[in-house]
Structures are given as structure tokens and as C-alpha cells.
Amino acid sequence: MRSFISCFTFLLITGITTNLFSQTNVEFNKKNFPDKKDQYKDALKELEQGDELYILGGGNYTLALDHYLKAQDFNPVNALLNYKIGKCYLNSYDKVKSITYLENAIKIDPKVSIDAHYLLGQAYQLNIEFDKAIAEYKIFKNSLIPKDLAKYSKEIDKKLTESNTGIELVKKPTRVFIDNMGTNINTIYPEYSPIINADESVLFFTSRRENTTGGEKDPTDFKYYEDIYISYNLGGTWNSASNPGKPMNTDIHDATVGLSPDGQTLLIYRGDNGGDIYECKLKGKEWSKPEKLPKSINTDYHESGASFGPDGRTLYFVSDKPGGYGGHDIYMTKKNAKDKWTEPVNLGPVINTEYDEEGVFMHPDGKTLYFSSKGHKTMGGYDIFKSVYENLPTLPTGQAGGQAGGQAGGKWSEPENIGYPINTPDDDVFFSISASGLHGYYSSAMAGGFGGQDIYLLTLLGPEKPVISNNEDNLLASLTKPVSETVIEPTVEIKSNQLTLLKGTIVDDITSVPLMATIELTDNSKNEIIASFESNSATGKYLVSLPSGVNYGIAVKAEGYLFHSENFDIPASTGFNEITKDIRMKKIEVGNKIVLNNIFFDFDKATLRPESAAELDRLTKLLTDMPSLKIEISGHTDNVGSAAYNKTLSESRAKSVVDYLVKNGIDKSRLTYAGYGFDQPIASNSTDEGRQQNRRTEFKVTSK
Amino acid sequence: MKKALLLLVLLLFVVISSRAQDTVVAKGVDDQKAEKLYNEGIKFYDNKEYSSALAKFNEAITLKPEFEKAYYNRGSVKYELKDYSGAIADFDKSIEENASNDKAFFSRGQAKYALGNKTAALEDYTKAIAANAYYPQAYYYRGGIYFENAEYQKAINDFTKAINLKSDYAYAYNDRGSAKKMLENYKGALEDYVTAAKLDTRLAFVFNNIGSVKKKMEDYKGALEDYTTALKIDPDYYIAFNNRGTVKIELEDYAGAIEDFNQTIKLKSDYAYAYNNRGNAKYKLKDYSGALADYNQSIKLNANYGYAYLNRGITKEMLRDAKGACEDWKKAATLGVGNAETYSKSCQ
């Protein structure tokens, strides 16, 4: 009975549709509308106005729609008009609306246009109907004459591959919560290109809204010029985004492209000179006037995306200059010892394809690169990919290592599609991710937003976490008590980003006034300065990203103050950590003392280890710069062992430091040394951590 | 539950038939009063009138204190009356009179096992075997203790000896299968279980075990059928319902799984596993709040149930309760769940 009914219903439906479209194509010809002359005239006028815009293409497709839809109301069974409306929608924000019109066009007249099936295939692909898309692409391919086939087959085959990739990706979606960031960030206007700093305390994005600087619209697409907006995370909520105005923004397009992990240096895109990258710095509370990056980076071609490495001395950027692998490619450049950007290097064929690469984002871990590409395994348009720069296990000596993705000594992993639903068949560009790797930020025009593209927060859940069941069996016939089955937990790989975020505030020890200080990172094992950063002069805030695998010596310096020294030895496999360390700087005054955390001795000996060189050189420089300064170097131990032994050890260690300084040209008369054993602990001797802190070298100002 | 009782009855039968010693022939010269009382005692014993049997054996022993068989039988009666210490004393006496009494060693082993003294029980089974190398039950029970001590290879050796001496020993096949399963020899286990099922087609737990080893071998459809067979034999076998529900989860028949866990809970309302597992089926159906309620109940029944905390954390994550998820994972990690340790690393 049921099958009879559905059979009947089927006939009914097909009956109706056949009726509707069995009417052959109705041309816009007055003969066809003898009773509606006036309406026909109006419709024809709309049609013509629409055609004028349609021919111009680009943003005009959307404008043409207004006219075409009026003509369509008058005559819905014109194949060509349906086709054109479909094509306009395909080039608008409402791309999937094209499906109905293209389907109608083909039903009314299968030969309406040679590419109708191709466009319909694209519309299906965009609507995640990959099977239908594949069918349409095949129809289109089969309809081509050999000459056209030769010309288009590569393009069609790419679409087919994309659709097949789409089927795969949709089957195994990325586990993620996607939340609209709300009205403090998003408006009815487009918002896109969000960039988060490492600890997610500040968000920059681009918007085309009413209060754009200058208040003008771009004549090519009739939308407000792009401006950069800023929102701060205040105790877990994002405040209402503000337009920082001039000089960061100008009267024309200003777009966000990159940000340093500490959120104090912004990279901006401006359209001049074929598209160039600018740098803008936060000085206290004010943003500096953006400065164009040098010519080695900005060519006459289109430089669009850019991102800093965590050292601030490495820059990844996008350019379509000749000599690449095709379209836009990603390049890298490093600053040399004189702070000049060196000649950029193409990241090579693992990253760059013959198609466009865009929207580059280097994670604060210095080795995970996110970028968008129309090549690789995309499911359509740009998709976001991820590649990790892996150092080779053994580095030949003298060859610069891969910190922040150098070219020597390592390689990029095969780019991995970050998956659906973050990636869609449409263009997915500009993605940034927090240092913890738990949150991503991107823009999407998905339904349910406030209008145009909106910015969304992604909560990345990682691979599926399997739930585990438990069972019992009566394994022994002689026992009534059942035995629980041993559970073998499925292995779950949770990749933690391998970096430590160190952040805090730098203030004067006495007045607590925020200080602008320089934070110098040294690789103690190489005695090499990796990077230097500044704390903000208005807030004293600083943030540095420390990729795992380095013994970091950290020296904080400010004019008129004793330098502050910290040591972080972070083994290569260490996962994500966030450390807050507020630093109180001590003035160079008699009696002030500081701990030299980067002086290391051999176990139970007074021999200075080579890792101490950077700290010792800092000390030497301080004494050279201030020739009247006299200091005491003191050694301290924990309370393990006898007092006499510790006193001797600490004294001979202090003497070793003094000997080093004397050998490096500091007058003996300015230096004294003392060993205090465990008489002056700064922490409890009952914990490992405390004892570690107590084993230390200090210096004290004895005369200025 | 009914199945378990039946099992117990069957077991006792095996034990008794091996224990009851023959009546003695009252012969000739004296009036043989002790022997007569002894024989009366056996009749009561056979009729399961243990108190009366005890009285007769007591009298027989009073008359004839060196009456070894009377001690043995009184020990057996005391065992039935759950006076295990008393039983052991009588078996001791029996062994004192007759140091090669294999049955007395065996029965004393049973009594010691009943008192929870596995080591001593194992020694007695070994002595029983020393007295009689052709004693399948002694091997079988010793194998069981090895199994409980996780000495699976030794258990297999003993079960094999029991089987060699008694080729239709279904229990020994079953238990050897279980020992092989513990050693991850699933193919061998399956063969043994199947033999056990052929030897005795009424044993629901054997079919359950066949199902569980097939589950280990990821033959979920096969497992499903075997659990169903077990449930046909014993419709109240909650363990098989719980197990069938779990393979239904593997087969992605989540609604069917929930049905089975409902049955499990109906039969055993305090079964924490069933609530946890039903929670998993609901989780798979994305019924996160339903799953949460089940995990809550599971944890209420067993506050140290690590996996229930793990699963509840996973569910809370999907319910956007990141803080609650982290608390649960941390708790699960303290209870030894490795994955929970991994998950809690990303907790802020």
C-alpha cells in the first residue's frame, strides 16, 4: 500500500514539474505578452540594465541581481535569464542561491549555455553536494569538443578532485565548536582577517563598516574602505572593538595581516605599489605611523599576507613576484646582525604550489605554519593548511638550525588540510590560532551571522576522545564471581604545542612604575642572542614566546637599572606552558643586589660552565659602561652538606666569577668576592625547587 | 542470577560425588556398632540431612576414635554446614590416619579455599595430586587458583591435565579457554570455549565467553549471536545483556545497545558498568544530557569508577562544560586512567 502511494505521489510531482517546464523557453519578446505591454516594457528595461552590469562582472554581478530578479518576476521561464541570475548569485555572497536558477535554466533549455552544467557543478560543490557536483562536471566535460577539452580538462579535473576531497573531509569532520564572537566584534558589515596574539589578550581584524576612516566607499565594489579594528580581552570578554583611526588607518584600504606574539607589532596591508606590507608599532599607548617594509620584501608585485616568527626576527610573507612556483607563494626572510631583512627565500615546493598560497600565519611555537592554498588537497577555493617545520635529528655543525623555520637542517611536513567545517568549498583564508592551540579565529559568511563575513571563535577539540565501556565475564566455571574484562585504552594522540609563553609586567622595584625594558633571549648552549623584545612603556607588559628545546637565558635591561636575569631550560618535548612572571627592576644603587641566574658551575666544583658566557659578558659590559661601579660577587648554596664545605665551595665559585671579570679587563680593585654557604637562603631548603633557588651567584653594588 | 545458582548446584554435585566414601561392610566378631552408625550417617548425608548425618558420625567416632573414614565423612558434612574450620580438623585427622588419602587432601583444599586461604588450598591440591596422579578435579581446582593468581600458563597446564584425564570435562575446557584469552591467545581460547559448549550445550556462561573472545577478535556480529544464545539459555543473565549492549555499540546500533543496557539494569539495578555503558551509547547518539545522567548514576554506585569519570568528562566537554570536564579527567587520572591524564594536560 505504501509503495503504491509513494509511486502515485512521484507521478504527481513529476507531472507538475513536467507541466511547469514543459513550457518551452519564453523569450522576452512583446509578441509573447500581448496582454501585458506596460509590464513587459518595464521588465525589458530591468533586463537591459541588468545586462549592462552583468557584462562588467566583479562586484557588479550582485548589483545586476536587483534588476534581473524583477525581470524574472515578470517572466520566470526564460532559460538565459535563469542562467544569468544563477551566475550572478554564484559571484555574490549568496552563492548557493544560484542552484535553483541554474537547475531551472537547464530544465527549460538544456543548451542554454555551454558552461551551465559547469556552473551548476560549482554551485553544488559550494553547497557541499559533492556527488551532484561530480555528475555535473562530468556532463560538462563530456559535452566539450576536443579543442575545448584540451583547454579545460585540467581545470575540470581539479574540480573533480576537490569534490572527492570534499567527500572525504566531510565524512571525518574536525571536532570544533564554532561561536560567533558577538556584537562587540561583528556587525552587519563584513569582518574578516582576525589576528590573535599569543595569549589571546588582543584581537585585530579588518572590517568594512560605516565609521571607516574617511567614510568613503570603494568604487569597485561599493563597500566602505577596509579599516583595522582592535578589541581587548578583559577578564574573559572581548570589549567593543574600536577603530584606532590615523595613523594606523587611512582613508583607503587598511587591512590586518600579521601580529607579533606580544601584540605590539602589527603588520598591515595597503594597496599601493601593487600591494605592500607595512609595520606599525605600539609605543606606550600610541600606535606609530605604519612604515613600509623594505624593498627586499615589498616588490612591485602583490605582497599580501605576512606573519612574524616568535623571535620577531623572522618574517613569512606572501608575494606573487616572478620566480615562484605559480600564483602567490610564501617566502621567508630573517633579520641579520645589523637588523636588516636579508634576501627572502621561497619556502619551496612542499608549501608552494602552482596555485595561489595566501594568508600565512606562523604559530608562536615557531615551527607550525598555517596558510591558505588553492592547491594541495583543497575541497574548493582556498582551504587552510598546516605544515610543521621539523629539524632533522642531527644538525651538521656550523649549519644554522631551523629555529623559526630556517631552510637548512630541516624540512616542512606535507601540508595537512585542517578539515571541515573550518574549511569549506568556498574560500577560507586568514586563520590565526592561540599559543595554547586550543582556540582558532577565522571569518566566515555562514548563515546565522550578523551580515557579510563575521569573525568566529573556534574551540578546537582535537581528535575524538573515545568513551570506554566496561564488561565482565564468568571466566572460571568454578567461580560465581564474574571477572572484569581488562580494558586496553585506545591510544589518543593529543598534540600539545611545544612552547612556553612567558609574560608579565616589568616595574621599578620601589615605585612600581611600569618600565620600558629590553628583554634579551640568549640560547645559553650557543651563547647566541636569539631575539630581543621590549615591554610596553605605558603598562610595563611583556610577552615572549619560548619554543621548546632551548636553555634560555633571559636578561631584562632598563636604563639606570641593574639587569635582571632569568633562566628557563625547556627540553624539546615540553608541551604548552604559560608562565606569568612579574619583574621588579632594581636601580643601580649601593646595597642593591641581583641573582645571576645564568651562571652555571660544574657539579660540586668552582669551574664555570660554557653556558655562563652570555651572562658573564653582560656583567662585564655593565662594569665597562659604568667605570666607577664597584661590586661584590657572592656565592650561596643549599643546606646539603657541611657548613664548612659549602662556605668553601661558594667562596671559590664567587672567586671564579671575579677571576673571569679580571681576565676580561675589569680592575681588580673594583671587585670583591665572598662565599656565604647556606647562611643567606632566599627560599626554603626543604624542597627541590627551594634548594635550586638557594644555589646561586649574586652581585651587590658596593659603590657607585 | 538463576544461572549462577544452577552453576553452584552443579559444582556441589561434582564435589560431593567425589567426596562421599563408600559404606563399610559391617562384618563378624564385634557388634560393629560404630560401622552401623557410620552407614546411617551416609544415608542422611545422601539425603542432605546434614545435622542428622553429623550426629551419627559423631557417635561413630566416639565409639571408635581411630575410624578414619568417619572423620573424612564428618569433615564433608561440616563442609556442607559451612563449618570449614571444623571440616579442616576432621580432614587433618583423616590424613593423620591415612597419609595417602588423596580425597582428604582435595577436600581439605576445598575447605581452605572456602576460608580464603588460596595458598594452603593450592598446597593441598598438590598433595592430592601427589597421592593420586589421576585426579582430574585436583588439577582443575589447582588450575583455577593459578588463574586467580594470574599464573595463566600454569593454569593452562593443569586444565590440560584435567582434560587429558577426563575428556568430557566441559568446565576445564571453558577455564582453559579463559586462561588462553588472558594470554591474548584468542584463537586458542575460542577453540576451547567451543569445545566446552559442545560438551555441555546448557552452559550460558560458556556462550557468553565465546561472545567475549569474538569481541576481542573484533568479530562483533559473531559475538552478538553468541550473547543471544547465552540469553536464550538463561534469559536473566545480566552479564550477557551488558556484553551484547557493548558489541551493539561497536556495530553502531546505539538504540539496540540502550535496549540491552536497560535489560541489564532491570536485572541488576546496582550495576555501575551498565549505567556507564548506556551513557556511552547515548553519547554516541549525541544525547549528551542523557549520557551525563547515566554517568552520574554510575559514579553514585561506585565513587572510584575511573572510566565513568573519564567518559563523563568527555561528555561534559561536548556540553561545553570545560571546567567540569577537567575536574572529571583529573579525578579519573588519579584512579589510573591513562587517557584522562593525557586529556587533563590541555586543561587551563
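Predicted model: local features only at pLDDT ≥ 70, side-chain atom pairs only at ≥ 80, totals over all residues.
Residues are numbered from 1 along each chain as its sequence is written, and chains are lettered from A and ligands numbered from 1 in the order in which they are written.

**Chain A as a whole**

The secondary structure of chain A amounts to 11 helices and 38 strands. Helices (H or I, at least four residues) and strands (E, at least two) are DSSP runs, numbered from the N terminus. Along the principal axes, the C-alpha atoms of chain A fill a box of roughly 115 × 85 × 45 Å. Of the 704 residues in chain A, 43% are buried. A residue counts as buried if 20 or more other C-beta atoms lie within 10 Å of its own, as exposed if 12 or fewer do, and as partly exposed in between, with C-beta atoms placed from the backbone. Among contacts in chain A between residues at least 6 apart in sequence, 59% join residues at least 24 apart. Two residues are in contact if their C-beta atoms, placed from the backbone, lie within 7 Å.

The domain assignment divides chain A into domain 1 (176-393 + 403-460), domain 2 (496-587) and domain 3 (588-704); such bounds come from an automatic or database domain assignment. Taken over C-alpha atoms, the centres of domain 1 and domain 3 of chain A are separated by 46 Å.

**Sheets and strand pairs of chain A**

Strands of a sheet pair through backbone hydrogen bonds, either parallel or antiparallel. Here two strands pair if DSSP finds at least two bridges between them.

One open sheet of chain A has 4 strands in the order β13-β14-β15-β16, with antiparallel pairing. Its edges are β13 (303-308) and β16 (345-346) of chain A, each with a single partner strand, so one side of each has no neighbour in the sheet. Another open sheet, also of 4 strands, has the order β29-β28-β31-β32 in chain A, and its pairing is antiparallel. The edge strands of this sheet are β29 (528-534) and β32 (564-570) of chain A, each pairing on one side only. From one strand to the next, the twist averages 20°, with axes being lines fitted to C-alpha atoms (for helices over the stretch in contact) and angles running from 0 to 180 degrees between N-to-C directions.

| Strand pair | Direction | Bridges |
|---|---|---|
| β14(A) (residues 314-319) and β15(A) (residues 329-334) | antiparallel | 6 bridges |
| β31(A) (residues 550-557) and β32(A) | antiparallel | 7 bridges |
| β36(A) (residues 630-636) and β37(A) | parallel | 5 bridges |

In β15(A), K334(A) is the residue opposite T314(A). In β32(A), I570(A) faces V550(A), and D569(A) stands opposite N551(A). The strands β31(A) and β32(A) form a hairpin with 6 residues between them, and G560(A) in the turn has a positive phi of about 85°.

S634(A) stands opposite A674(A) in β37(A).

**Residue K621(A)**

K621(A) lies in helix α9 (residues 613-625) of chain A. It is partly exposed because 13 other C-beta atoms lie within 10 Å. K621(A) and N239(A) are 382 residues apart in sequence and 45 Å apart in space, C-alpha to C-alpha.

The domain assignment of chain B gives domain 1 (201-269) and domain 2 (279-348), with 25 Å between their centres, taken over C-alpha atoms. Each of these domains of chain B puts 5 residues into the contact between them. On the domain 1 side, helix α15 (residues 254-267) of chain B gives the most, with 4 residues.

Helix α9 (residues 152-165) of chain B has 14 residues and reaches 20 Å from its first C-alpha to its last, close to the 20 Å expected at 1.5 Å a residue; the expected span is 1.5 Å times one less than the number of residues. The buried residues of α9(B) include Y152(B), D158(B), F159(B) and K161(B). Their cover includes α8 (136-148) and α10 (170-182) of chain B.

Between the chains, 25 residues of chain A are in contact with 37 residues of chain B. The chain A side comprises 12 nonpolar, 8 polar and 5 charged residues, where Ala, Val, Leu, Ile, Met, Phe, Trp, Tyr, Cys and Pro count as nonpolar, Asp, Glu, Lys and Arg as charged, and the others, Gly among them, as polar.
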